[in-house]
Amino acid sequence: MKRNIVIAAVTAAALIGGGTATALATTGDDERPARQAADTRLTGDDARDDQDDRDDAERVASADVTAPEAIASALKHTSGTAVSAELDDEDDGGKVVWKVDVLSGDNWRSVSVDPTNGKVLGSHADDEDDTAQVRAALKGASVTAEEAAKAAAGKGVVTSVGLDEDGKDKSWEAETRTSGGAEQDWTIDLTSGKVTADRTDAQDDDQD
């Protein structure tokens, strides 16, 4: 709209003056820097996502100890109920460890396990406010976190397993990675141990 106004005004001036005039009209060039900035941000986000994927793949490749083995090692060190296990950077310091959360009595302990040899590196107390929910979700459950991880291992390398105590359907959730790097989330039934693909996660990915 502004472009047409500028051209019309210059043309009218040229006709009135009896001469010629040259109009330099903009065609939305003022929007180009904004688009370029947005494209740059998107490119940067994609690069970071690719780097995160490569980092995740490296973490998986460097782990000789599986999720079930890490859970078993953590429970030998700290008796209780394993509620989650995740292969992750220790305090973002670059060192990869298994972090296993154990509900011991009324206390929570986070146990770090070396992914190369299964040795416990240490543990510390954790403050959690969902103890009652966890206990309620696990009441009557016959499948442990270790067993859920073993069941999900048939789908790929398990990088995390944890209890989903929210919502109507309680279950174990696991994330796996294939040799090609593809990630997939799974749900494991608390009583039967049946493994099914997490459709909710797939739908979220499609929406993104």
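Student: Which residues does threonine 78 touch, not counting those up to four places away in sequence?

Tutor: This is a predicted model. In this model, threonine 78 touches Val102, Ser104, Arg109 and Val111.

Student: Where is threonine 78 placed?

Tutor: In the loop between α3 (67-77) and β1 (81-89).

Student: Buried or exposed?

Tutor: Threonine 78 has 10% relative accessibility. Buried means under 20%, so threonine 78 counts as buried.

Student: Which side chain does threonine 78 join in a polar contact?

Tutor: That of histidine 77, with a polar contact of 2.9 Å between the two side chains.

Student: New topic, the core. How many residues are in the largest nonpolar core?

Tutor: The largest nonpolar core has 35 residues. Trp98, Val100, Leu163 and Trp172 have the most contacts inside it.

Student: Which strand gives the largest share of this core?

Tutor: Strand β2, residues 96-104, which supplies five residues.

Student: Why would nonpolar side chains be buried together?

Tutor: As a general point, they tend to be buried together in soluble globular proteins.

Student: What is leucine 163 in contact with?

Tutor: Leaving aside neighbours within four places in sequence, leucine 163 is in contact with Val83, Val134, Ala137, Leu138, Ser171, Trp172 and Leu190.

Student: Now charges. How many salt bridges does the structure hold?

Tutor: Three. One of them is between aspartate 106 and arginine 135, where the closest N and O atoms are 3.5 Å apart.

Student: Which parts does that pair tie together?

Tutor: Aspartate 106 lies in the loop between β2 and β3 (107-113), and arginine 135 is in helix α4 (residues 131-138), so the pair ties together parts that are 29 residues apart in sequence. Aspartate 106 is exposed, at 65% relative accessibility, while arginine 135 is partly exposed, at 40%.

Student: Which side chain does lysine 150 meet in a salt bridge?

Tutor: Glutamate 146, at 3.8 Å from N to O. Glutamate 146 is partly exposed, with a relative accessible area of 22%.

Student: And what does glutamate 183 form a salt bridge with?

Tutor: Arginine 177, and the closest N and O atoms of that pair are 2.4 Å apart.

Student: Is arginine 177 buried or exposed?

Tutor: Arginine 177 counts as buried, because its relative accessibility is 6%. Glutamate 183 counts as partly exposed, at 41%.

Definitions and conventions:
Residues are numbered from 1 along each chain as its sequence is written. This is a predicted model: local features need pLDDT of at least 70, side-chain atom pairs count only at pLDDT 80 or more; totals for chains, interfaces and linings use all residues. Side-chain values use heavy atoms; hydrogens and water are left out. Helices (H or I, at least four residues) and strands (E, at least two) are DSSP runs, numbered from the N terminus. Buried means under 20% relative accessible area, exposed over 50%, partly exposed in between (1.4 Å probe, protein chains only). A polar contact is a pair of N or O atoms within 3.5 Å; within protein, one must be able to donate a hydrogen and the other to accept it, and residues adjacent in sequence count only if both atoms are side-chain atoms. Contact means heavy atoms within 4.5 Å. A nonpolar core is a set of buried Ala, Val, Leu, Ile, Met, Phe, Trp, Tyr and Cys residues joined through side-chain atoms within 4.5 Å. A salt bridge is a side-chain nitrogen of Lys or Arg within 4 Å of a carboxyl oxygen of Asp or Glu.
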